[in-house]
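Subject: Structure for your review

Dear colleague,

My notes on its cavities follow.

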There are 2 protein chains.
Amino acid sequence: MHSHAPREKEPCFEQCPVLIRETLDLIAAKWTVPIFFALQSASGPVRYAELQRRLGDITPKELAKHLRNFETAGLVERTVHPTVPPRVEYALTELGESLLPSLQTLADWAIRFGAVVAENKMSNERSAPVRLIKAAGIK
Amino acid sequence: MHSHAPREKEPCFEQCPVLIRETLDLIAAKWTVPIFFALQSASGPVRYAELQRRLGDITPKELAKHLRNFETAGLVERTVHPTVPPRVEYALTELGESLLPSLQTLADWAIRFGAVVAENKMSNERSAPVRLIKAAGIK
DNA sequence: CGGCATCCTCGAGGATACTG
DNA sequence: CAGTATCCTCGAGGATGCCG
């Protein structure tokens, strides 16, 4: 047993691909990061309309859908004040806040290297449009 | 100027939403993380077929497409050995490796809290199937 | 104010088959 | 061996309109 390969580190991905996939799907959803940072920078509950205002062009449907998902996932707490007009506030839970450092780490990479990646794409993608023509026409 | 708000930290997302979005799209693509870890755990160039074998059920099309994207982005280096049969090897560049710690940070969160999130969804989602019926039938 | 219900588009990604 | 070429599905997410 434990014959040849020491298996020195065995990346986490091998251990629980499903959890990682679901986490990636969570944070990669179009509005997840904007919403999280909007709730963070508020440091305090934020009303639905205020959230919508900060996020610019998000539709009510998308905002509501995401907030519901976050709520059932335990990442966001929803508080309804039974007043007229209705007042609904949202805030990150501890669990939700625990995700922020990871998001920040990723954002740091994006800021440091994202531009380089973009430049690479630009300079590699372009040129060689010739290949679109090939031995055009003849077959 | 700098009148009222100190703007203490201004989350990175506000500074460069585009770079962050592109980075999220990059790492959230279905096969990005598997491919990166497959190339890392190899510590050395990996042949196309070997990569496909490690990734299990990825199709040739998807594997090739991702590898091309990574190559043009400067994240992966592709080396062709002009032998028969052909031999093509892939390896992470320094830029590609620089992304690994961020991925690991995210994976750590997934392993620590992913299960909790999944449980929350389970227990919150379920129950109240009654609402599917409403005042069923009557208008 | 704080949503929900519909319709629709668009592209990621799978299945399958073929090639230099 | 290392891909390319086609076709097709499926769901995220936008647009629009209505409601308690």
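The notes below describe the cavities and the residues that line them.

This is a predicted model, in which local features need pLDDT of at least 70, side-chain atom pairs count only at pLDDT 80 or more, and totals for chains, interfaces and linings use all residues. Residues are numbered from 1 along each chain as its sequence is written, chains are lettered from A and ligands numbered from 1 in the order in which they are written, and side-chain values use heavy atoms, with hydrogens and water left out.

The structure holds 2 cavities of 30 Å³ or more. A cavity is a set of points on a 1 Å grid over the protein atoms alone where a 1.4 Å probe fits but cannot get out, and lining residues have an atom within 4 Å of a point. Points are joined across faces, edges and corners, and a volume is the space filled by probe spheres set on them.

The largest cavity has a volume of about 50 Å³. Among its lining residues are Val33(A), Leu103(A), Ile20(B) and Thr23(B). Two or more residues each come from helix H7 (100-125) of chain A and helix H2 (17-28) of chain B; helices are DSSP runs (H or I, at least four residues), numbered from the N terminus. H7(A) gives the most, with 4 residues.

The second largest cavity has a volume of about 40 Å³, and its lining includes Ile20(A), Phe37(B) and Leu103(B). H7(B) gives the most to this lining, with 3 residues.

Yours sincerely

Conventions
On a 1 Å grid over the protein atoms alone, a cavity is a set of points where a 1.4 Å probe fits but cannot get out, and a pocket is an open set with protein on both sides within 12 Å along at least five of seven lines; lining residues have an atom within 4 Å of a point.
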